[in-house]
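Me: I would like to go through the labels used for this structure and the cut-offs behind them.
Reply: Ask about each label in turn.
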Amino acid sequence: CPVVLAPKNSSVAMPPPADIVKVAIEWPGAFPKLMEIDQKKPLSSIIKEVCDGWSLANHDQFALQYADSSIFYITEKNRNEIKNGAILRLTTSPAQNAQQLHERIQSSSMDAKLEALKDLANYSRDITFAQEFINLDGISLLTQMVESGTERYQKLQKIMKPCFGDMLSFTLTAFVELMDHGIVSWDTFSVAFIKKIASYVNKFASDISILQRSLAILESMVLNSHDLYQKVAQEITIGQLIPHLQGTDQEIQTYTIAVINALFLKAPDDKRQEMANILAQKQLRSIILTHVIRTQRAINNEMAHQLYVLQVLTFNLLEDRMMTKMDPQDQAQRDIIFELRRIAFDAESEPNNSSGSMEKRKSMYTRDYKKLGFINHVNPAMDFTQTPPGMLALDNMLYFAKHHQDAYIRIVLENSSREDKHECPFGRSSIELTKMLCEILKVGELPSETCNDFHPMFFTHDRSFEEFFCICIQLLNKTWKEMRATSEDFNKARKRVMQVVKEQIMRALTTKPSSLDQFKSKLQNLSYTEILKIRQSERMNQEDFQSRPILELKEKIQPEILELIKQQRLNRLVEGTCFRKLNSRRRQDKFWYCRLSPNHKVLHYGDLEESPQGEVPHDSLQDKLPVADIKAVVTGKDCPHMKEKGALKQNKEVLELAFSILYDSSGQLNFIAPDKHEYCVWTDGLNALLGKDMLSDLTRNDLDTLLSMEIKLRLLDLENIQIPDAPPPIPKEPSNYDFVYDCN
């Protein structure tokens, strides 16, 4: 094989060193400078070199930023993100900028002060600047401005009210951004400052930006400091918050519910029920139902999350009763059981003045308790000593007996009169059902930081859990009869019936019924027979066609299906996804967008001010990452941002949505997917780009579904024909071929 050598004088293009980045640097009033940055050199020496090129002294007072609208400084920590072709600008250093803004916001000129506060609100988003400004005691300066603001500028409010509103809005925005970095503790703020922020919730209710930031500050105070919770709880009342839910701005409604949730979450155990009673008096549930859930607007993810949190916290009020054992000696508790017996068998009760009534009544009570389905017929109180569900089960039974009396009597009498051993014991079933409903609704568990799974139907009734139980106990009785379960072996029967009932409830809940009546209708369409059909259909989809020829066909077409899934994943990466930058507060959400180029060679990404509507074009995303530079994709606890943030590391939900792209020597791109589906799409797509297998649950489900569909399509002509495990035998050759006719 001949070897072709390049001519001696010809130049062969060599790839640039990995540590050299070619950039353009701008400086006001000068032509941009093209230069190569050596990433091995200290950043200070690079800035000195740039300053020397323009004959600028005091290079330590300068820094580099990207030339676009970004205000984020380039530091030793993030310098590896600089890409070839980037346009940078030389600007004042964070320390110098912080000093200048610290002086400017104290200007006597209102116009200069307003412009300075606007700049401060913008620059405070950068942690490098924030650290320098905080070092100048900037937080204290802002709090003093807030505390003295209204008194100092009373005349200004009358003469230049919009100007004052803007100044206050920028001041609060800067404060929120600075505190969001977690550098300063929330425990340092005075009662005067809290009073002022709380007053803005009423005073500036018409100014959306001031109201929004005031609510955000109050929520952060409550969530981040026990002492501040007590102070905020004294300054802000539910009555002050409720009117903000009756407006039309969904963002203000979201912030308002977030503050209510924070107060609810941090309230001492003995105060939570009191707060729940206040919320009930203020008709919070019906206001949310009318002005949030049943409006024409779609509920965004953050609102859905806050409604979910409120739902969880409301159900968690049941935990105390769920974990309380019945005291067999407590007469008030025993009276509840007497009331259950009285409502069910009142017509059969004997007069108290009959002779020998004590013995007869005792015998009658034992008989009735047996009919009610208790395990301990002599002392039913012993049935409620197991936690969970504890006294909550008895509460549910009494509610059902009082508020759905006809259904209660029918269930009890119907089962107590049966002699075929197929009765459904009401007492034992109610205890088991209450425990199961607590597990379904996760009573006693803290709300997840990322879950949006709220159920509108639970906002339609003040006693939604009890009503939920009443519907489900009737379902259980119906399913028990349909399954012909027997109480002779209650444990086996219970497990079988409860398994079906749980499936019926979960399937109905997934449809997100808008009311309890709609939930009841969904259950009517999910009879035991229907559940069997659904199971059979799902089993056929999962387990059907297990003969060897079909398995061979599956193996043959599986690569085609996997390629189809791969293309779908890559197409989704090309469309891109908006990711949230989770922080300790969630209120001041930061967003960024990432998408794959159509040729699958480059990832484009960049920060966004707000969640986008639709796709974000490539040219608006300032950062790039060549796919060829990606070294690995890691997930969960292996992600760098999960190792760094202890709070997030402990959160299982966030951990399950985290993944990172590792590139170069120490470069990383960290993600927290908006949901499990997007997590699977992106991890699959990135693995496909790297030539690795797609291993997510979504891929397995898609593969099973598409394989099943493809096989069914190919076997349409063989419907109702038994497919043999082995091919039929080849027939013997005929004795002659006289029957063959030659057409030619």
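Me: What share of the 744 residues in the protein chain is buried?
Reply: Buried residues are 46% of the 744, where buried means under 20% relative accessible area, exposed over 50% and partly exposed in between, with a 1.4 Å probe and protein chains only. This is a predicted model, in which local features need pLDDT of at least 70 and side-chain atom pairs count only at pLDDT 80 or more, while totals for chains, interfaces and linings use all residues. Residues are numbered from 1 along each chain as its sequence is written, and side-chain values use heavy atoms, with hydrogens and water left out.

Me: Why are α26 and α30 called roughly perpendicular?
Reply: Helix α26 (residues 548–575) and helix α30 (residues 676–689) pack at about 105°, their axes 9 Å apart. The axes are lines fitted to C-alpha atoms over the stretch in contact, and angles run from 0 to 180 degrees between N-to-C directions. Roughly perpendicular covers 65 to 115 degrees, against under 35 for roughly parallel, over 145 for roughly antiparallel and oblique for the rest; α26 and α30 therefore count as roughly perpendicular. Helices here are DSSP runs of H or I with at least four residues, strands are E runs of at least two, and both are numbered from the N terminus.

Me: Which residues of α26 make the contact with α30?
Reply: They are K566, R569, L570, R572 and L573, contact meaning heavy atoms within 4.5 Å. On the α30 side, the residues include E678, V681 and W682.

Me: What makes R572 count as buried?
Reply: Its relative accessibility is 15%, so R572 falls in the buried class. Beyond its neighbours within four places in sequence, R572 touches T577, E678 and V681.

Me: Why is the pair of Y369 and F374 called edge-to-face?
Reply: Rings of Phe, Tyr and Trp (its six-membered ring) pair if their centres lie within 6.5 Å; planes under 30 degrees apart are stacked, over 60 edge-to-face and the rest tilted. The centres of Y369 and F374 are 6.2 Å apart and the planes lie at 75°, so the pair is edge-to-face. Y369 is buried at 3% relative accessibility, and F374 is buried at 1%.

Me: What values describe the aromatic pair of F659 and Y679?
Reply: The distance is 5.9 Å centre to centre and the planes are 70° apart, an edge-to-face pair. F659 lies in strand β10 (residues 658–663) and Y679 in helix α30, 20 residues apart. F659 is buried at 0% relative accessible area, and Y679 is buried at 12%.
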